[in-house]
Amino acid sequence: MADDSTPSIRRINPPELGTPPGYSQIVEISPGRVIFIAGQTALDRDGNVVGKNDFMTQADQVFANLTIALRAAGCTAANLIKLTVFLTDMDNLGRYREARNRFFASVTPPAAPAVTLVEVSKLYGPDFLIEIEAIAAA
């Protein structure tokens, strides 16, 4: 049983729903803090687009920004319970998965948040290829 300052995060993958690649079908948390992180794009600290026309560079920047946001809330990627991923081109799905797998590779305990991934016609800036919003529990 977790104490009051540590959430219990349980990831559930019922066999009837199949084995998801790199995410969980269900994430259950015990009472604690819930942190909502706004959609992160490929902007640097000065508001400049990083990796114009380069999906992999943008994805790495988005995950770096997500790391900064998590750290500011006293969390790590292990605290993530839900991601919503927006891609402007589903042909980048494989590259997204590569970046995601690098991001989660060193997380202890292992994290596999629930994920929704959709293709959108455009994001708020014309040069953005990916955006990720997140929910974490602490």
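1. A salt bridge is counted here when a side-chain nitrogen of Lys or Arg lies within 4 Å of a carboxyl oxygen of Asp or Glu. The model is predicted: local features need pLDDT of at least 70 and side-chain atom pairs pLDDT 80 or more, while totals for chains, interfaces and linings use all residues. Residues are numbered from 1 along each chain as its sequence is written, and side-chain values use heavy atoms, without hydrogens or water.

2. R100 is found in helix α2 (helices are DSSP runs of H or I, at least four residues; strands are runs of E, at least two; both are numbered from the N terminus). R100 is buried (under 20% relative accessible area, with exposed being over 50% and partly exposed in between; 1.4 Å probe, protein chains only). R100 has no salt bridge, and the nearest side chain of opposite charge, E98, is 10 Å away. Beyond its neighbours within four places in sequence, R100 is in contact (heavy atoms within 4.5 Å) with P21, G22 and F63.

3. Residues touched by Y96 include F55, F63, L83, V115 and I130.

4. F63, Y96, F103 and F104 form one aromatic cluster (ring centres of Phe, Tyr or Trp, the last by its six-membered ring, pair within 6.5 Å; planes under 30 degrees apart are stacked, over 60 edge-to-face, the rest tilted).

Note on methods: Lys and Arg count as positive and Asp and Glu as negative; His and the chain ends are not counted.
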